[in-house]
Each structure stands twice: as C-alpha cells, then as structure tokens.
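Here is my note on the model, as numbered points. Please read it with the structure open.

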Amino acid sequence: MARCFINTVPVTVFLFELLSLLALRGAWAAAAAKQQQLKCAASSFASILQPAGAVLEKIASVPEGGSYGEGAAADVAYPTNPTNLPALCALTVRVASSKTTSYRFGLFLPTTAGRWEGKFLAVGNGGFAGGINWLDMAPGPHYGMATISTDLGHNSTVADLSWALRSPGKKTDWGWRALHGSIVLGKQLTEAFYGGRKISYSYYNGCSTGGRQGLRELQAFPDSFDGALVGAAAWWTTHLNDYVTRLGMYNLPVASPGHISTSDMGNLADEVVRQCDAADGVSDGIVSSPELCTFDFSRMLCGDQNPGVDGAACLNAQQIQTAQHAYADYHSSVDGRFLYPGLTLSSEDQWFILLGGTEPSPFGVGYQRYFLFDNPDWDWHDYNDSIVDFAERTDPGQATAAEFDIHEYKDRGGKIIMYHGLADGLVPTKGSEYYYNQTITTFGGLEKTTDFFRLFLIPGMQHCWGTPVDAPWNIAGAFQPGSMSTSEWSVPGYKDSKHDALMALMDWVEKGSPVDEIVATTWKSSMDPTSGVLRQRPLCPWPAKAVYNGKGDVNVSSSWSCLKTTTGTGANSWAGGGGGGLGNKHKLI
Ligand SMILES: *[C@@H]1O[C@H](CO)[C@@H](O)[C@H](O)[C@H]1NC(C)=O
Ligand SMILES: *[C@@H]1O[C@H](CO)[C@@H](O)[C@H](O)[C@H]1NC(C)=O
Ligand SMILES: *[C@@H]1O[C@H](CO)[C@@H](O)[C@H](O)[C@H]1NC(C)=O
Ligand SMILES: *[C@@H]1O[C@H](CO)[C@@H](O)[C@H](O)[C@H]1NC(C)=O
C-alpha cells in the first residue's frame, strides 16, 4: 500500500506533466489558430472570394492610430482619408455585377484581440457620387464593428451623373445592387476572418442618398440589418429628382424680376427667424416648430406702401412668389396630384444649392438627361410634369425606396431611427415626414409604428450636418464625424447612447430599450469640438417635441422634455407659445 502510494507519485506527476503539456499545446494550437484567423492576408479570404467571382484588389494591415483610404487622386467622391483608426485589416474587393459592370467595396476588420464585438455595419454614400466612403467607414471599427462601404459601381463626384448614360447596369448598381451585394459578401468575409464566428448584429448608417440606400435595402432584403439609422433620406428618387428641376425653374432665368439671389435667401432666412422663432415657445434663434408659423411675406415686401421695411433686405412681389413656390408642395399641373412636399421654413440658408444656379441643379437635370431619357442634350426648358409619371413607370436602376409595408423587417425585430434636419435646403424635410406618415397608415397607427420605427426632426440642422443658427445638430449620424475632422467618431466628448444615435439604436436592438430621446450637441464653433459645447438639447420621436421646462439654462438638455399635447393628433395641435410651462402637456413616453 505504502509502496503503491510512493510509486503512484511519479506516475501522477508524470501524468500531470503530460496533461499540462497537452493543455499547453492545446493553448498554443488555439493561439496559433487565432493568429491564423486574424491573418490580414489574401489567403484568409480566398475561399469566399473565389466562388463569388470576386477579386481582392488590395489588402493592408493598418496599425493602431493609422490612416487609410484611396486619397484624393483615386477617390474623387470621398477624397479625404480617415486618420486615427483602430488597428484593422483593410480590404478592397471588386465584384462583377453583370457582363459589363462591376462595383467595388471597402471592408474594415478590427484586428486588436477582443476588439470585434461580433457586429457588422454598412455605411451609405451621397448624391450620385461613386467611390468608397472611407471617411464614413472610420467610426465603425471604433465601435468594434466590421464595416463596409461600396463605390456603387462607378467613379464620379457627387453631382456628376454622366456615368449613367445608356448604362442600365450602372444605374442598377447605384439603385440597390452594389450595396446589397457588398453586404452579402462583406458579411461572409467578416465571418471567415474571425474564424467562423457568426455576426450577432448588423447595422446601417447613411444620410441623403445614404438614407435612400438603407431604406431600399431593408425594404427588399429585410434580413440585412437589425437596426438602420436613416438620415435625410432621398428615398423618392422618381419624384424628388424631378421636383428638383421644377424647383430650380421657379428661380430662372437669373435676369427675371422674380429671381432671388443668395443674399436674398439670407435675408429671407433672417426674416423667418424673426417671425417664426418664438412660435415654439422659446426665442433662441432656432425655428423649432416651423409648421406653427404663419409667415407674413408682406412684412418683407419692398416699396413705399411698406414704410418699416429695410430697403436693402426686402423682396419684390415676384420674388415673394418665387419663395412661395419653393415652400409650396409640388402638385402636377396635369391632374393636380401631389408629387413632392416643398421646402420648410428655416431652410433658406441652404437654398443656394438647388436655386442658386444658372440652370436647375444637376441632381434634377442630370437625372432627366442620364437616367430618364439617356440623352445628354435634353433641354431642361422642356421639363413638364408628366415626366414624373414617366419616371414612376420606368424608375431607372430601381432606386426608389417607396415601399411602406416593411412588416417583414419589423417582424424579425428590425428597428429604424430616421432623422432629418428642419433647416435642410437640399432634401425637403417633409419628405421624411411623408414617408413616416405613409408607414403609420400602412401599419394602422402611430403606436404600431413607434415600436420599431421612430422619426426625429432636428431643428436648425441643414442637410445631414451643420447649422447656420447655432442649433444642436450632432448625433453621430452619417457624415457628421467626418464633417468635423478626419479623426473623430461618435459625438466628441459624449460617446454614449444618450447622445450618439447609432449607440441608441444598438441599445434598442440589443437591450430592447426604445429610443425615447437623443440629445443633440453643438459647439461654440459649431463644427469644432475643441471650442467647447455651446448647446445641447433633446430630440424627440415625432410627433413629440422638446419643450422647455420653464426654468434652467435653455442651452442645457436637462431643461427640456419630450412632450406631446393631450388633445389632437395633427401637427397643428401642438401648444407652442407662452413661457414653455408644462400646462396642458404631458409626457409622451
Ligand atoms: C476615378 O477617376 C479619376 C479621374 O477622374 C482617376 O484619377 C481615378 O484613378 C479613378 N479612380 C478609380 C478607383 O478608378
Ligand atoms: C413632356 O416632356 C417629355 C420629355 O421631354 C416629352 O416627351 C413630352 O412630350 C412632354 N409632354 C408634354 C405634355 O409636353
Ligand atoms: C445660450 O446660447 C446662446 C447662443 O450662444 C446665447 O446667446 C445665450 O446667451 C445662451 N443662454 C444662456 C442662458 O447661457
Ligand atoms: C403627416 O401627418 C400629420 C398628422 O396627420 C400631418 O399633420 C402632417 O401634415 C403630415 N405630413 C406630411 C408631410 O404628410
């Protein structure tokens, strides 16, 4: 017994050593495998790319704090490379989409151990730009997400549509095919890179055309995302790009007495603040409830019969008519049918983009020439309202994202945060409201919609980012970090789900906490976080609004609450005036 005991000692030790050795070898093998999995090399992706007929154009290891992109010479659409990136593996992949067309996409894969959170993010583009949006991809890896952007199958700046001429394939790539294909392949490459670990959540972040792309994708492919952050969506392609030509024509020719110049637009913007600012209850230079303002144009009318008017800032009767056309909804002169909502009061500072040229904007005329008629010589003077019907029938590239019955997306748990600046002069704010209204009607009521889809209007914010009136605007939406610097992500100084709409969306998707408010931020110099915070204010799910509590600093978000009136449902039932006391209002959520 004693002998046996003694004899077992070395055996046990031996066994122990053997087991340790095996365990160690196991750990080495696992570590080696992990190294293998995170190998930023073509071999890691070949088994996915080859069967897909896709080509790896470029692969690079970017060190922590590094920079990546194609630079201004190669990427005319997105010439600015992001800096201060987390360590990542950067891929550029080319995919054939038809016999004559192909698109590319970029993929960022975080490489620091434990950095990948099992999440996937697709980001959108802008206008008709063709190029990989590297700058907007940059925040993704900071959140721990594998991130893609596609070049949409062509190479051009934002307002150049000539690439689409007689190329149905390129139009389709722009319309939906390039993004969808990039998402499908991008997800496979991501899972392969991380050793077969499945993606647990997928997201989207895009504004303008990017907003359209996100809606288009989730309408046609409800499985693509778990959450979509959709800004200032140019979703109604067939109508919007025709409206843009009609709108431009109202202000032409430049020599006509009704023409309004950029400085006239500035004067109009100032008068709108004077007349409409207080309608929301707080005089702070921000028009937060433009729909409550009945703008009196006669107070700007030049002439002796209007003695109080500033002669240098007035408009003549024809100019006033031009402005009224810009605010008015676009109805067909053929049958009176509603075609597109007009621009919102407080958007005037950005009107120069669509109304400032010697011909209507290329976003409109380019669409008719290169998308609709495949005729570069088409003359915009020939524009007529039946063109919208033609566009609707043909919808080149099937780009339009006008599906409101998105129950498949909702049923599988998908969430949407939509937002739009109320001072947007490029894509009318009311277009988002219209989309939301149609969705509410389709789902049979606001409550059946707010449980998966919420709309946030951002007072004083222009198209996708920025403000001319020191309004809080930044919520980490698409283009927002990149509009400030090459190295920023999220909301500088406020990287949390109270201030960052993408993080709020993640909380909604992953933790089931609905987004009841998002606090927007602006800085003393509105695009420069180092200048210090100027104002923060909550944004509320439409139709709720941020209402001043009646006490406290108006520039601090805690002085505001998201409120809804107790009576009525229409936008006009909002109680606006007074000292902003709680009165007959109650908390919406
Ligand atoms: C895009 O076109 C520009 C010329 O306009 C060219 O310099 C650049 O290399 C092209 N980029 C790609 C990715 O083909
Ligand atoms: C409207 O414009 C289209 C395209 O220029 C043209 O073919 C059509 O004849 C026009 N219709 C009317 C009613 O003028
Ligand atoms: C809030 O910010 C505005 C804009 O800078 C400023 O004019 C105003 O004085 C500020 N209000 C307070 C209470 O600090
Ligand atoms: C959306 O619906 C609300 C409430 O019915 C209405 O007041 C508003 O005018 C509608 N907006 C648009 C753009 O259709």
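**Notes on the predicted model**

1. Serine 559 is buried, at 5% relative accessibility. Buried means under 20% relative accessible area, exposed over 50%, and partly exposed in between (1.4 Å probe, protein chains only). Serine 559 sits in the loop between strand 14 (545-548) and strand 15 (560-565). Helices (H or I, at least four residues) and strands (E, at least two) are DSSP runs, numbered from the N terminus.

2. This is a predicted model: local features need pLDDT of at least 70, side-chain atom pairs count only at pLDDT 80 or more, and totals for chains, interfaces and linings use all residues. Residues are numbered from 1 along each chain as its sequence is written, chains are lettered from A and ligands numbered from 1 in the order in which they are written, and side-chain values use heavy atoms, with hydrogens and water left out.

3. What does the side chain of serine 559 reach? A polar atom of that side chain lies 2.7 Å from the backbone oxygen of aspartate 553. This is a polar contact (a pair of N or O atoms within 3.5 Å; within protein, one must be able to donate a hydrogen and the other to accept it, and residues adjacent in sequence count only if both atoms are side-chain atoms). Beyond its neighbours within four places in sequence, serine 559 contacts Val547, Tyr548, Asn549, Lys551, Gly552 and Asp553. Contact means heavy atoms within 4.5 Å.

4. A residue is near a ligand if one of its heavy atoms lies within 4 Å of it. The protein covers 43% of the 360 Å² of accessible area that ligand 3 has on its own. Such areas come from the Shrake-Rupley method with a 1.4 Å probe; for residues, only the protein chains shown count as cover. An N or O atom in the side chain of asparagine 555 is 2.4 Å from an oxygen atom of ligand 3.

5. Ligand 1 has Ala73, Ala74, Arg104 and Asn155 around it. An oxygen atom of ligand 1 is 3.1 Å from a backbone N or O atom of alanine 73. A polar backbone atom of alanine 74 lies 2.8 Å from a nitrogen atom of ligand 1. Asparagine 155 places a polar side-chain atom 2.3 Å from a ligand 1 oxygen.

6. Helix 15 (residues 430-443) has 14 residues, which should span 20 Å at 1.5 Å a residue; its end C-alpha atoms are 20 Å apart, so the two agree. The expected span is 1.5 Å times one less than the number of residues. Buried residues of helix 15 include Tyr435, Tyr436 and Phe443. Among their packing partners are helix 7 (209-220), strand 10 (415-421) and strand 11 (453-458). Glycine 444 follows helix 15, with a positive phi near 80°.

7. Isoleucine 416 lies in strand 10. Its relative accessible area is 0%, so isoleucine 416 is buried. Its C-alpha is 6.3 Å from that of phenylalanine 452, 36 residues away along the chain. Not counting residues up to four places away in sequence, isoleucine 416 touches residues including Leu218, Val230, Phe452 and Trp508.

8. On the whole chain: it has 18 helices and 16 strands. Of its 589 residues, 56% are buried. Among contacts with a separation of 6 or more, 68% join residues 24 or more positions apart.
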